[in-house]
Amino acid sequence: MVREAVDEVRRCRRDKEMNSQLYSKLTVRGKVQVKSSDIQVGDLIIVEKNQRIPADMIFLRTSEKTGSCFIRTDQLDGETDWKLRITVACTQRLPALGDLFSISAYVYAQKPQLDIHSFEGNFTREDCDPPIHESLSIENTLWASTVVASGTVIGVVIYTGKEMRSVLNTSQSKNKVGLLDLELNRLTKALFLAQVVLSVVMVALQGFLGPWFRNLFRFVVLFSYIIPISLRVNLDMGKSAYGWMIMKDENIPGTVVRTSTIPEELGRLAYLLTDKTGTLTQNEMVFKRLHLGTVSYGMDTMDEIQSHIIQSYAQVSSVQSNGNSASSTPSRKPQPPAPKVRKSVSSRIHEAVKAIALCHNVTPVYESRVNGASAEPEGTEADQDFSDDNRTYQASSPDEVALVRWTESVGLTLVNRDLMSLQLKTPAGHILTYYILQIFPFTSESKRMGIIVREEATGDITFYMKGADVAMASIVQYNDWLEEECGNMAREGLRTLVVAKKSLTEEQYQDFESRYNQAKLSIHDRALKVAAAVESLEREMELLCLTGVEDQLQADVRPTLELLRNAGIKIWMLTGDKLETATCIAKSSHLVSRNQDIHIFKPVSNRGEAHLELNAFRRKHDCALVISGDSLEVCLRYYEHEFVELACQCPAVVCCRCSPTQKAQIVRLLQQHTDNRTCAIGDGGNDVSMIQAADCSIGIEGKEGKQASLAADFSITQFKHIGRLLMVHGRNSYKRSAALGQFVMHRGMIISTMQAVFSSIFYFASVPLYQGFLMVGYATIYTMFPVFSLVLDQDVKPEMALLYPELYKDLTKGRSLSFKTFLIWVLISIYQGGILMYGALVLFDQEFVHVVVISFTALILTELLMVALTVRTWHWLMVVAELFSLGCYLASLAFLNEYFGIGRVTLGAFLDLSFITTRVFLWKVCVITLVSCLPLYIIKYLKRKFSPPSYSKLSS
């Protein structure tokens with residue numbers, strides 16, 4: 001109780017810390033600071049860049065001139081790309097901040113809902129004629145748990161507390177009880193039954209004489225030592241000791257045990273459900289590979305690209321400085337009459353790099369140094385404002401930022417972008433301007449994005465496009481290398497993009513523009529008509545290059561996943577990210593081993609499709625499954641049992657596009673259908689519901705806040721620490737607790753057996769064998785320390801446990817503590833209890849008064865020897881505990897001799913010290929102890945010789 005109270009107080013402190021973060025609230029009198037816990041619906045809250053949004057808000061104003069901002073949502077939905085949010089036009093147009101209080105307006109919002117991807121509402125301004133109505137959608141919202149990535153935003157709070165989207169998506173946390181505790185509870189119930197049965201048997205053997213009912217109760221009290229009351233105390237102290245050992249382990253620094261009731265669960269996991277973003281990956285993209293078809297550039301040859309770029313722009317500028325900049329086409333562009341001439345590598349690199357630098361949705365942002373506003377490029381000022389050290393890039397996808405950063409590193413820098421134009425800086429420092437004519441954004445259906453630009457210097461119009469290889473293969477001109485190279489890059493775990501271009505004449509573009517604008521105005525089938533218009537351009541495009549970007553994995557993810565797989569733990573990756581990305585990371589992290597097939601579950605929307613897909617999947621053997629959240633939902637609605645059965649046979653499962661509630665649902669499915677222990681590991685707010693649902697959960701302290709690590713039972717700083725946490729600490733905790741639990745039960749049963757033998761010899765009298773003080777001493781000072789020192793026992797060294805993860809596999813079968821091992825301990829207790837009591841009575845027929853001291857001394861020695869028999873690796877504290885307990889017992893023999901008589905002290909049955917020191921006493925005690933313990937030592941030796949357990953083979 002006390003330990004759980006301490007856990008709760010710590011939790012409360014952490015929550016308080018989160019709730020007392022300060023935010024600026026806008027009032028009529030200006031800005032005031034409020035705690036996040038005091039924010040109410042209707043407050044106007046100002047949130048700075050990189051600050052977390054404290055409550056669900058409608059986006060009213062921003063410091064950005066565009067009237068929009070980016071937010072990071074990976075704590076909410078697990079997606080790594082930034083989302084664009086747009087202000088309410090009516091409030092953004094107001095000249096100053098204070099004017100928000102001079103207008104009369106209200107926001108209508110729908111009732112709180114689970115769906116984080118949709119919102120319906122209205123903004124109405126009443127004080128103008130006619131009233132202004134604006135519809136509000138998801139684009140105008142700022143949900144709590146997201147982080148502002150650009151500018152300063154002002155919003156009006158619409159939901160707080162339990163009505164916020166992020167809170168609605170978390171499940172109620174439950175009190176977690178370990179499997180070991182449940183098993184021990186079952187055994188304790190069996191022991192209670194045994195106690196009652198034994199008492200009834202005793203009374204029956206008496207022949208139900210006299211007040212037999214009273215005798216029955218006396219026997220129940222006499223045999224109450226069968227029930228191990230000290231078991232709970234010992235186990236709880238043991239759990240605290242394991243928690244302390246985990247937190248003190250120097251190999252996994254920063255690990256925190258937040259729930260100290262379930263360390264043994266770490267030793268019995270069968271399923272590990274992990275998040276992807278921030279858990280397996282660092283969410284940092286790095287450009288790794290550029291492939292031009294005939295030549296490939298890796299990280300070590302990027303300087304060649306740089307020299308080609310410098311060279312080609314030097315040629316261009318020399319041509320332009322001759323004064324014919326408008327008339328002559330720069331040398332890098334081949335003249336239309338000779339299309340078939342093979343271009344030099346230099347010009348092809350130049351084209352590819354320029355395409356990557358232009359075809360994207362990235363905006364460079366400058367941290368303003370002077371009085372607030374970011375400087376606008378004007379004439380000569382441009383160079384000083386575009387200094388490299390205070391430029392950051394913003395985009396909805398980290399992949400795009402990686403590409404633009406790379407073009408900067410090879411010499412072509414994106415320095416400015418607005419809605420109408422892009423400006424690039426060449427290695428020599430010249431600024432090239434391109435006018436943006438059209439942008440076709442990336443969608444999950446089209447899997448590609450395009451842009452049409454006009455170069456200011458030459459007036460050339462070019463259509464650039466980049467996208468996934470599946471989408472681009474049919475658009476680019478025929479080639480023989482694209483598919484093969486994409487496969488090669490994917491096997492390395494790189495995310496590939498195909499870049500292509502098409503030069504357009506003025507007439508071609510005008511023709512396209514008129515068709516495109518017409519399609520955009522149509523009312524019926526607008527999306528189809530727009531797509532058809534764009535598709536007319538997407539034909540026979542010139543393939544420029546293939547890029548490979550790596551989402552860097554966390555340190556040592558591959559060996560850790562390998563270790564867990566060898567330990568028999570099945571790993572499921574649940575992510576909110578896209579299918580391609582998830583598959584890519586599953587391969588690069590070796591979640592799916594190289595020789596394994598991947599079965600991608602086709603999107604299904606109804607019962608029939610789900611049935612066909614499941615049948616197709618059933619025919620596959622030993623292959624990993626990749627499934628999206630929507631298809632999963634359909635399968636679970638109609639074929640829950642069949643789906644779970646099939647998925648559990650897979651070596652690995654990847655679920656992409658999962659909502660937070662779906663993650664928790666998958667955890668609960670596994671718990672219901674498999675009876676195995678599940679563990680969830682994550683780092684973001686979107687993992688909290690999964691973490692709370694799992695039997696045991698691990699949070700990683702990520703870059704994006706601590707929500708997951710606060711909600712979890714254990715918190716670690718890096719994914720690789722999970723290997724040691726499970727293989728060493730989890731395994732040890734479980735094996736130690738199992739040994740400790742059974743030993744405490746044995747300690748109670750042996751003394752109850754002695755009481756039973758004693759009573760049956762004395763005509764089934766309900767007389768206690770030992771005085772109360774001896775019984776108290778037996779369970780505490782005489783045997784507690786050696787028994788508790790079992791929490792220091794280990795069968796193999798930590799290095800061995802990590803080297804042979806197969807040892808962990810044995811634990812999931814639960815053989816360390818089962819009815820079989822329990823029965824063995826019961827038999828040992830009955831044998832030893834019988835021997836000790838009969839031995840004492842047989843050998844001491846003359847001095848009957850000394851039976852108590854003889855049997856009790858033999859009992860204590862037997863217990864100490866049994867601890868020594870159970871220990872597998874000695875620790876100096878164990879030796880100290882054994883000697884200390886023995887010393888305490890010998891001291892009490894000398895000083896508390898009145899307790900060693902039979903019956904009442906008043907009968908004068910005192911123990912004379914002279915007897916203890918006689919040889920007769922010593923050899924008889926030794927004989928009894930030997931008979932009770934020697935057979936067990938012999939059995940253990942024979943067992944180690946003829947069928948040794950797996951760990952002993954390693955330690956020898």
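Which side chain does a polar contact of 3.2 Å join to that of D275? In this predicted model, the partner is K663; a polar contact is a pair of N or O atoms within 3.5 Å, where, within protein, one atom must be able to donate a hydrogen and the other to accept it, and residues adjacent in sequence count only if both atoms are side-chain atoms. The model being predicted, local features need pLDDT of at least 70 and side-chain atom pairs count only at pLDDT 80 or more, while totals for chains, interfaces and linings use all residues. Residues are numbered from 1 along each chain as its sequence is written, and side-chain values use heavy atoms, with hydrogens and water left out.

D275 is one of the positions that an unreviewed UniProt entry lists under "binding site", together with T277, D683 and D687. These four positions are spread over 413 residues of sequence, yet they cluster in space, the largest C-alpha distance being 10.5 Å. UniProt positions are given in the numbering used here, with feature names shortened, and annotations may be inferred rather than shown by experiment.

D275 is located in the loop between β14 (269-274) and β15 (281-291); helices (H or I, at least four residues) and strands (E, at least two) are DSSP runs, numbered from the N terminus. D275 counts as buried because its relative accessibility is 1%, where buried means under 20% relative accessible area, exposed over 50%, and partly exposed in between (1.4 Å probe, protein chains only). Residues up to four places away in sequence not being counted, D275 touches L280, L574, T575, K663, I681, G682, D683, N686, D687 and M690, contact meaning heavy atoms within 4.5 Å.

D683 is placed in the loop between β30 (677-682) and α20 (688-693). With a relative accessible area of 6%, D683 is buried. The side chain of D683 is joined to that of T279 by a polar contact of 3.5 Å.

Elsewhere, L865, L930, L934, Y937, I938, Y941, L942 and F946 make a nonpolar surface patch of about 800 Å². Patches are made of residues with over 30% relative accessible area and no salt bridge, like charges being joined within 9 Å and nonpolar side chains (Val, Leu, Ile, Met, Phe, Trp, Tyr) within 5 Å. Accessible areas come from the Shrake-Rupley method with a 1.4 Å probe, and for residues only the protein chains shown count as cover; a salt bridge is a side-chain nitrogen of Lys or Arg within 4 Å of a carboxyl oxygen of Asp or Glu. Helix α31 (residues 919-946) gives the most to this nonpolar patch, with seven residues. L865 belongs to helix α28 (residues 851-870) and, at 35% relative accessibility, is partly exposed.

Y23, in strand β1 (residues 22-27), is buried, its relative accessible area being 3%. A polar atom of the Y23 side chain lies 2.7 Å from the backbone oxygen of R52. Beyond its neighbours within four places in sequence, Y23 is in contact with residues including V32, V34, I39, I45, R52 and P54.

T433, in strand β21 (residues 431-440), is likewise buried, with a relative accessible area of 11%. A polar contact of 3.4 Å links the side chains of T433 and Q423.
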